[in-house]
Amino acid sequence: MGMGGELLLVRCDALPEKRQVVFEFADGDCLSVSFWWFGHTHYAAEGKLDKHKMSAKLGPNALVVSLKEFRVMLAGRRGAVKSFLLNQERIAGIGNAYAHDILFLAGLHPLRTIDTLTDDEVKALRNGIRKGLGMSLRRGGAWYELDLYGKRGKFTEKMLLVGYREGKPCSTCGAKIVKIKTGSTSSFICPKCQPLKPKRPRGKKKARS
Ligand SMILES: [Zn+2]
């Protein structure tokens, strides 16, 4: 449901007050699960995650996809680039909060369609994914999240490039960042750095419909 929660591995005598499910281990550690709003907890045996109904359909991990694999994943697709990034069955691990900066880093408008991307743009997108997620990962995640051991992330809102920065100047060109509607989600973009029209028109002429 697009909701989050916390998974915490702590000593069983230091469990957080708010928790819905607890797994107790023989060594005195406990895995506690708490939801921000609501959710499900599923248990899968070791090595069986790729068969479990909740995870079997997940696409490849966004952080380990090679450029070659990424090109294969995009081949023949025509949808908007942002919808692709957020579809966990296509590529796993990118949330809406990170998609804004990933697309900014790649210089792509969220509504650009995949079939209009040049080879260079595909490369820029794949690099943008690594860089955009890496900025937060290096700091232990976002400020509103805890890691498995309860440590709060140090990636703060101020470190975002365009995400949630409506009206502020773009760090590259100074233009005002705008918030636009993109299907069921909102997007934050620099209208100058991320034009909807491809920067360089493709050589091939399109047949008229
Ligand atoms: Zn800009």
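## Terms and model

Two strands are said to pair if DSSP finds at least two bridges between them, and the strands themselves (E, at least two residues), like the helices (H or I, at least four), are DSSP runs numbered from the N terminus. The structure is a predicted model, in which local features need pLDDT of at least 70 and side-chain atom pairs count only at pLDDT 80 or more, while totals for chains, interfaces and linings use all residues. Residues are numbered from 1 along each chain as its sequence is written.

## Two domains

The chain is divided into domain 1 (1–43) and domain 2 (58–147 + 156–201), with bounds that come from an automatic or database domain assignment. The C-alpha centres of domain 1 and domain 2 lie 31 Å apart.

Strand β2 (residues 21–24) runs antiparallel to β3 and is joined to β3 by four bridges, with V22 standing opposite S32 in β3. In the hairpin that these two strands make, four residues lie between the strands, and G28 takes a positive phi near 95 degrees. On the other pairing, seven bridges link strand β1 (residues 5–11) to strand β3 (residues 29–35) in the antiparallel sense, and here R11 stands opposite D29 in β3.

Together, three strands form an open, antiparallel sheet in the order β1-β3-β2. Because β1 and β2 stand at the edges, each with a single partner strand, one side of each is left without a neighbour in the sheet. Neighbouring strands of this sheet are turned by 15 degrees against each other on average, direction ignored, where the axes are lines fitted to C-alpha atoms and angles run from 0 to 180 degrees between N-to-C directions.

## The nonpolar core

A nonpolar core is a set of buried Ala, Val, Leu, Ile, Met, Phe, Trp, Tyr and Cys residues joined through C-beta atoms within 7 Å, and buried means that 20 or more other C-beta atoms, placed from the backbone, lie within 10 Å of a residue's own. The largest such core has 28 residues, of which L85, I94, A99, I102, F104, V162 and C190 touch the most other members. At least two residues of this core come from each of α2 (81–86), α3 (96–106), α4 (119–137) and β5 (185–189), and α3 gives the largest share, seven residues.

Notes. A residue is buried if 20 or more other C-beta atoms lie within 10 Å of its own, exposed if 12 or fewer, and partly exposed in between; C-beta atoms are placed from the backbone.
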